[in-house]
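Hello,

I am handing over the structure below for you to look at. Please read the notes under it alongside the model.

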Amino acid sequence: MTSLPAGSVPRLVVAAPSSGSGKTTVATGLMAALASRGLAVSPHKVGPDYIDPGYHALATGRVGRNLDAYLCGAELVAPLFLHGARGCDIAVVEGVMGLYDGAAGEGELASTAHVAKLLRAPVVLVVDASSQSRSVAALVHGFASWDPEVRVGGVILNKVGSDRHEALLREALDSAGVPVLGVLRRAAPVATPSRHLGLVPVAERGSQAVEAVAAMAALVGDGCDLEALETLARAAGPLPGGSAPWTPVPTRSDRKSPPRVAVAGGPAFTFSYAEHSELLAAAGAEVVTFDPLRDEELPEGTAGLVVGGGFPEVYASELSANEPLRKAVAELALSGAPVAAECAGLLYLCRELDGLPMCGVLDASARMSERLTLGYRDAVAVSDSALAVAGTRMRGHEFHRTVVEPGAGAAPAWGMRAPERRVEGFVERGVHASYLHTHWASEPGVARRFVERCRTS
């Protein structure tokens, strides 16, 4: 297959009746199996998840990208898809939760079904068949008929126990009118370890992650009809008229030396949307990645700092032990330079995390908690900051098992409008620190404002 314009890239969505059915295994394995056939595969993930795209990138050799109709708006789903799929032969989109599960209280908004409709892409339903036989037909029929605008083009049966079990499942599905495109047996080698916030990220697993993705590819390649899946992907309908690839609009600058923006990376800070760095670069910044676990200095000439999400609680000892970098971060923040910190970044800027010294930029302490804070948020900027002027509305997402005390500074970062009203986060000097994960493609002015502050601070 030759590379096609992004608008005509064959595509399909891998969905499931519920979480835990095997979506990530099948989607990642399918991406890797197709890539091994010489195809350029564009990987995507429905929702705000940061971890699965890391496995997708490992499977395809391309950046894993998110498609979130809540964070970015439904109107940006197709353009962001086209941006990621430029020059690819086929695109695979992994769903989130159950096929029809969306933002709480918002109907279908941000559900896998919603994104599949926006992309006019056929759906492959992954069913955990481990505890059923004939009932699988009723389940598949229900999902296939619930919304006539969602086209369930095939089923992949996961965790099938035996040849006899497979025969019973196939016999039952003959009456459902949805073809079986794959049958996967229970397979321990593809298991991916989890902890308090989901799968362990690729950056932390090294060769083990490579082996896991290879096992997923072998499982899917052996158990699925790849030709039929490609044919189904080519049957995707045309994208809505007028859809064009999203692109970060370059900002003109007469300055010859772009401000250097340091972006935290490495195993402790793996949560980042690719579009953020693209927007910073388009706004005129030189983006440089560094690893707070290993680098004892910020990149030379750093004019601004971005510290995204991740797992500082897992690496608290190592982060604390890197005293030279902690001091460098504190000095940069004290100078008034722009610093944008989300979730893990917020914890890193605190005085301490679980009793261990952190950067001390914020007069707040952080600790692990048993309580999971999870969900979409409708927010408005409370204070003018390096990211936004007061009154700017953005949608975001929270996902953590930590607590910061106090939860807001004298100048809070955000006022949450939904699901409950509260203020949260800190704006101090050039620092904007908050638990809220946002997707800057929804408000490109955030990156432009940040880079301009880097030039003038």
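The notes below cover the sheet, the helices on it, the cavity and a few backbone details.

This is a predicted model, in which local features need pLDDT of at least 70 and side-chain atom pairs count only at pLDDT 80 or more, while totals for chains, interfaces and linings use all residues. Residues are numbered from 1 along each chain as its sequence is written, and side-chain values use heavy atoms, with hydrogens and water left out.

The sheet

Helices (H or I, at least four residues) and strands (E, at least two) are DSSP runs, numbered from the N terminus. Two strands count as paired if DSSP finds at least two bridges between them. In general, strands of a sheet pair through backbone hydrogen bonds, either parallel or antiparallel.

Here, an open sheet is formed by seven strands in the order E3-E2-E4-E1-E5-E6-E7, with parallel pairing. Its edge strands, each pairing on one side only, are E3 (65-67) and E7 (180-185). From one strand to the next, the twist averages 25 degrees. Angles run from 0 to 180 degrees between N-to-C directions, and axes are lines fitted to C-alpha atoms, for helices over the stretch in contact.

With E1 (residues 11-15), E4 pairs in the parallel sense over four bridges. Arg11 has Ala91 as its bridge partner in E4, and Val14 has Glu94. With E2 (residues 41-46), E4 pairs in the parallel sense over five bridges; there, Pro43 stands opposite Val92.

Is E4 buried or exposed? Five of its five residues are buried, where buried means under 20% relative accessible area, exposed over 50% and partly exposed in between (1.4 Å probe, protein chains only). Both faces are covered, with Ile90, Val92 and Glu94 on one side and Ala91 and Val93 on the other.

Contact here means heavy atoms within 4.5 Å. Helix H1 (residues 23-36) lies across E1, E2, E4, E5 (123-128), E6 (152-160) and E7, and runs at about 165 degrees to E4. Helix H2 (residues 52-60) also packs on the sheet, where it touches E2, E3 and E4; its direction makes about 170 degrees with that of E2.

The cavity

A cavity is a set of points, on a 1 Å grid over the protein atoms alone, where a 1.4 Å probe fits but cannot get out; lining residues have an atom within 4 Å of a point. Grid points are joined across faces, edges and corners, and a volume is the space filled by probe spheres set on the points.

The structure holds one cavity of 30 Å³ or more. The largest cavity has a volume of about 50 Å³. Eleven residues line it, and Gly310, Glu313, Cys343, Leu347 and His400 lie nearest its centre. Helix H13 (344-349) and strand E17 (393-405) each supply at least two lining residues, with the largest share, four residues, coming from E17.

Backbone details

Most residues other than glycine have a negative phi, and most peptide bonds are trans. The bond from Glu405 to Pro406 is cis, with omega near -5 degrees; Pro406 lies in the loop between E17 and E18 (414-418).

Met97, in the loop between E4 and H4 (112-119), has a positive phi of about 50 degrees. Met97 counts as partly exposed because its relative accessibility is 36%. Arg120, in the loop between H4 and E5, has a positive phi near 50 degrees. Arg120 counts as partly exposed, at 41% relative accessibility.

Regards

Terms used. 1 Å grid on protein atoms, 1.4 Å probe; cavity = no way out; pocket = protein on both sides within 12 Å on 5 of 7 lines; lining within 4 Å.
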